[in-house]
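Here's a quick walk through one structure, written for someone seeing it for the first time. Have a look at the sequence and the 3D view, then read on.

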Amino acid sequence: MIQTPLRLSVSTWALHELIGTVAPGRPGDPAAHLMPPRESRSLDLLHVPRELAKRGIKTMELCHFHVPDTSTCYLDEWAAAREEAGVSLWSLLIDDGDLNHPEHGDRDRDWIITWLDRASILGAQCVRIIGGKQPLTDESLAKSIAQFKIIAMEAYVRGVHVMTENWFPTLSTPEAIHTLMEETGGSVGMTFDFGNWGGLDKYSNLEQIAEYAEGCHTKWDSDEDFLRCLEITRAAEFSGPYTLVYGEPRNVWESLERQKALVLPYV
């Protein structure tokens, strides 16, 4: 059973400018980087839980590419630093892989499964996985659903819960998310992201999937958009963590404090 987290959370993506590093390792290429590494950093990942706790934030999410060393020794060290700071790890965000790729889908699934062991050592309650990068068709969605069923079972035996997100082409509509949720029977949850969908039907589409939200990427674009999305979560009686994911360049901590003030009435 998932423990109820403290509901204000921060993702390491919001701190990316400070953390700086991007660790190598992609499906099929252990030397490749998901994005260009940065030259400078001012915040070591080991110190992130302490810095969050100093600011009254006791829940966090961790991008997989921010983990500089996947050895058990380092993962144990990071978990110990997190526990010492009194911070819970809501989710490990596995930000790579394409589950329904016609050639590499199984390879990417197996790569994702290697991160389930790491998530368990880190003490993550959940992992968030991309639902698929292929155009949405009945075939591509069915492939994703089959892959999620395998991953969910692998995660269950490791004590980790699987979530996906309204992100990338395969899960680009409320109908696709409805189908995935129904077909996986509760073994897969959803991270509800404010900013991944746009257009004139953005809010009506978000309203249709808010009932599935177990976690929320509380992505700031404007105050008006931010508050409107927060109202959608309130109407859906959302009870999970609100994770801040946007850190304004050169003003990271201050921008997070401002967003925190907007979110607190909903926590």
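## Salt bridges

Arg107 and Asp108 join their side chains in a salt bridge, with N and O 2.9 Å apart. Keep in mind that this is a predicted model. Arg107 counts as partly exposed because its relative accessibility is 36%. Asp108, on the other hand, is buried, with a relative accessible area of 5%. The salt bridges come to 19 in total.

Another one pairs Asp193 with Lys219, at 3.2 Å from N to O. This pair links distant parts of the chain, 26 residues apart: Asp193 sits in strand E6 (residues 188-193), while Lys219 is in the loop between strand E7 (213-218) and helix H8 (223-235).

Arg258 is partly exposed, with 45% relative accessibility. Asp223 is partly exposed too, with a relative accessible area of 25%.

Some of these links join up: Arg50, Glu51, Lys54 and Arg55 form a network of salt bridges.

Helix H3 (residues 72-85) has 14 residues, and at 1.5 Å a residue it should span 20 Å; its end C-alpha atoms are 20 Å apart, so the two agree. Which residues of H3 are buried? They are Tyr74, Leu75, Trp78, Ala79, Arg82 and Ala85. Looking down the axis of H3, you'd find these buried residues within an arc of 135 degrees, so they line one face of the helix.

What covers them includes helix H2 (48-54), strand E2 (59-63), strand E3 (88-94) and helix H4 (105-122). Turned away from that buried side is a face with the exposed residues Cys73, Glu83 and Glu84. Just after H3 comes Gly86, which takes a positive phi of about 75 degrees.

## A nonpolar patch on the surface

Finally, a look at the outside. Met153, Tyr156 and Val157 make up a nonpolar surface patch, and together they have about 390 Å² of accessible area. Met153 is found in helix H5 (residues 138-156). Is Met153 buried or exposed? Met153 counts as exposed, because its relative accessibility is 53% and the cut-off for exposed is over 50%.

Conventions. Residues numbered from 1 in each chain as written. Predicted model: local features only at pLDDT ≥ 70, side-chain atom pairs only at ≥ 80, totals over all residues. Heavy atoms only, no water. Patch = residues over 30% accessible without salt bridge, like charges linked within 9 Å, V, L, I, M, F, W, Y side chains within 5 Å. Areas by Shrake-Rupley, 256 points an atom, 1.4 Å probe, with all protein chains shown as cover. Salt bridge = Lys/Arg side-chain N within 4 Å of Asp/Glu carboxyl O. Helix = DSSP H or I, 4+ residues; strand = E, 2+ residues; numbered from the N terminus. Buried < 20%, exposed > 50% of the residue type's maximum accessible area, 1.4 Å probe, protein only. Expected span 1.5 Å × (residues − 1). Arc of directions from axis to C-beta. Contact = heavy atoms within 4.5 Å.
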